[in-house]
Amino acid sequence: MAQDHLPQSAHGRPSPRTALERLSAGDDRAVRITHTEHLPPRVGRHASWPEGIRVDVVEAIRKAGIDRPWEHQARAAAHAVRGESVVVATGTASGKSLAYLAPVLSALMDGAEPGARARGGSATGGRGATALYLAPTKALAADQRRAVAALAAPLGQAVRPAVYDGDTPFEEREWVRQYATYVLTNPDMLHRGILPGHARWSSFLRSLRYVVIDECHTYRGVFGSHVAQVLRRLRRVCARYGAHPVFLLASATAADPARAAGRLTGVPVAEVTEDTSPRGELAFALWEPPLTELSGEHGAPVRRTATAESAELLTDLVLQGIRTVAFVRSRRGAELVALIAQERLAEIDASLPRRVAAYRGGYLADERRALERDLHSGRLLGLASTSALELGVDVSGLDAVLLAGYPGTRASLWQQAGRAGRTGQGALAIMVGRDDPLDTYLVHHPEAIFERPVESTVLDPDNPYVLAPHLCAAAAELPLTEADLDLFGPEAASLVPQLEQRGLLRRRAAGWFWTRRERAADLTDIRGEGGTPVQVVEAGTGRLLGTVDAGAAHTTVHDGAVHLHQGRTYVVRQLDLEDSVALVERADPPYSTMARDTTDVRVLADELEEPWGEARIHFGSVEVTHQVVSYLRRRLITGEVMGETKLDLPPRTLRTRAVWWTVTEDQLDAARIHPEELPGALHAAEHASIGLLPLFATCDRWDIGGVSIPLHADTGLPTVFVYDGHPGGAGFAERAFRTARTWLTATREAIAACECEFGCPSCVQSPKCGNGNDPLDKAAAVRLLDCLLTAGAEGDALEAEAGDGGGDGAAPEAEAEARPGGGDEADGSAGAAPQGKSQPAPDEGGGETRPKPKADGSAGAMAQDEGEAGAAGAG
């Protein structure tokens, strides 16, 4: 295979190094760059298409301007034509779409030949072969349909792509079912529309050859676990019609993509991970905004916001003529970055503001296309975007990317950074750190970004809160038999009798049947947490603006909350929990709102335990009770706290999974932590550990929560809990248990390295803390974590000495399974998670719960809570 195609440099624009030098000119700017990484250009390597890719398909690809594939495209296509499921996990703009489109188009063309249909394919609609494409967003599916239609145009009518989602007009849906050969949809529509109505899709499913799963790295946590079960239902229904489709998955660069893809689909998956496409030089800078003269809670120093800093950098890059996209985590943040940049450009040249715009979800398709055209043509030089632009939308010709804060995972970071230099030229990427523990840690520990692989994708299809409603949906689609249970995982056999006992399923000779009149697919929202979604209604007009997950309503649409919808700002006038309605009215307040809640935790089952000297680290099932008690008003540009307002909302309970650690009084004495310092030490360590966990598990800070208690009733010791914010767990706490050593070491380093004296948002303060970040003791937290980590290291050394001595003992595999960080990431059996109200889940089944010593509730066990979990909504 020949080596060729060095990436081309951009002409007429500054090189990445020159652009960065100009941005950092001046003493006050230069010190903000904490690290610069220069990634060299890469030569592309071509190959030939494998046998099995039709000549007419190769010719159509040539007409699109692609003479030969890259090696990784050819390897992925070879797996596909051999009937082997495969995941291609390479960088942004590496041509993953073509890797799966070549075999898909070949199969559709083969199936369109009369001989193929006569050999057993369905003649309905002239289809001898079909393919299904799944995207996490409707916008990406629409983009892919246009790309497929353009590529397949020379192939005639044999390839008929069509989008089938909630926006598809009803008069078009029958045509799609009967005649489309390549159907593009999303997991939600597959779950709620296609599978429950599979009889109407019988001719399509009978001929299904390939299932394409694009951007599969986005299917993680609870959402990913739901999608995994939807795919198992799809495989079961396809088998009913005699089809066994091959899965073709496309992913951003990920750790162990074959294992993650296999966990998602339930079938063995090969992987292609070496990116052989060309890449230009990338200069990647880490940028820390300066401290301001403002002070936060308890006089803590406050840094300039990443939003304001990114807007200033975007302004400077536009003035250099550098096409730039700034990724911002919220819609409102994207609008703000664009607005600030426009105002500053107007002061220099009245013609420049119109060359900057905001791009986010919620725009109409025509508006989005116009923005993309303007960016391609060069009329737009600056774009502030949410992650709506991250997934697959074709944006080429960019010179620079700004990241206003760490996007949550290294996979997303490289996905966003890869948007620059998409045509092979050199590019500049800058990550602007936010004022929080994780971003502060990263800008001062570049090795955590540049020297570590991307994260493992965490999902837990066996979570009974996830699995139970899908067993009901499967039974409604086709009677559920004993032979089907293995398909749904090891927990299915124990769950079905519980569902039968509750009257949801009924057993007959042919298997288990769904017994209710309502649709079984409506038992769960695969992107939410269950419960009736809260409708957001404009008070003056009665117009429905949208919905919010029931689990997120208390924190996002409480009375007084600022709510953003399609660029317009509203304030919640009233949250009616009984009718699940939030009444809002138009407003333009100069602040954002952030809810605070208090939390308590009860241990249900202690399933894994590891001694760290006298300390212990545990993993198991817990019941979390939390209550939103107030909200903060924070000034938009500076983040300054303007005030706090009390709320009166009912408490909520959550049965989930947690990791927790305890220390003894002797250890506290050795660490010189006095009783009056203990609450602040635990509280500070809890906040920082939650802030750092997304570095080790593919979660967002919103996916997890925590509690620290000087004397916990179940453990009888000082205890810090970190728990998954989803019913039954999401796999994040288990990942924390298995990476505990590195996770807590990073937590200790983040606190100790912060330049503040008593604690600030960059290290131990949390904006969500229901206790108002009081008490917090930064210095004592460092001593506490030193004590914990030293005890853990000593315990490992003693264990190693004992192991060297030989003799009988636990099998190494068993030791690795129990030890944090040991062995492979566990499959994550969800254990005895109790019954929830909003969807079927297993009965409480308390046989695994270990009795705990009870402490007197009056012993001063004051809970210090993070209360961050449960606010993650639809993607």
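How many residues lie between β19 and β20 in their hairpin? Two residues separate the strands. The model described here is predicted.

Strand β19 covers residues 505–508. Strand β20 covers residues 511–514. The two pair in the antiparallel sense, over four bridges.

## Helices α4 and α5

Two packed helices are described by the angle between their axes and the distance between the axes. Here the helices are α4, residues 71–81, and α5, residues 96–112. Their axes come within 8 Å and cross at roughly 35°. The crossing is right-handed.

On the α4 side, the contact is made by Q73, A76, A77, A80 and V81. On the α5 side, L98, A99 and P103 take part. What is the make-up of this contact in nonpolar, polar and charged residues? Seven residues are nonpolar, one is polar and none is charged.

## Nonpolar cores

In soluble globular proteins, nonpolar side chains tend to be buried together. The largest nonpolar core in this model has 85 residues. Which of them touch the most other members? They are F284, M431, L442, W661, L695, W743 and L784.

Take L442 from that group. Leaving aside neighbours within four places in sequence, L442 is in contact with L286, Y406, M431, A448, I449 and L695.

Key:
Residues numbered from 1 in each chain as written. Predicted model: local features only at pLDDT ≥ 70, side-chain atom pairs only at ≥ 80, totals over all residues. Heavy atoms only, no water. Pairing = 2+ DSSP bridges. Axes fitted to C-alpha atoms, helices over the stretch in contact; angles between N-to-C directions. Left-handed = near helix turned anticlockwise from the far one by under 90°. Contact = heavy atoms within 4.5 Å. Nonpolar A, V, L, I, M, F, W, Y, C, P; charged D, E, K, R; others polar. Core = buried A, V, L, I, M, F, W, Y, C linked by side-chain atoms within 4.5 Å. Buried < 20%, exposed > 50% of the residue type's maximum accessible area, 1.4 Å probe, protein only.
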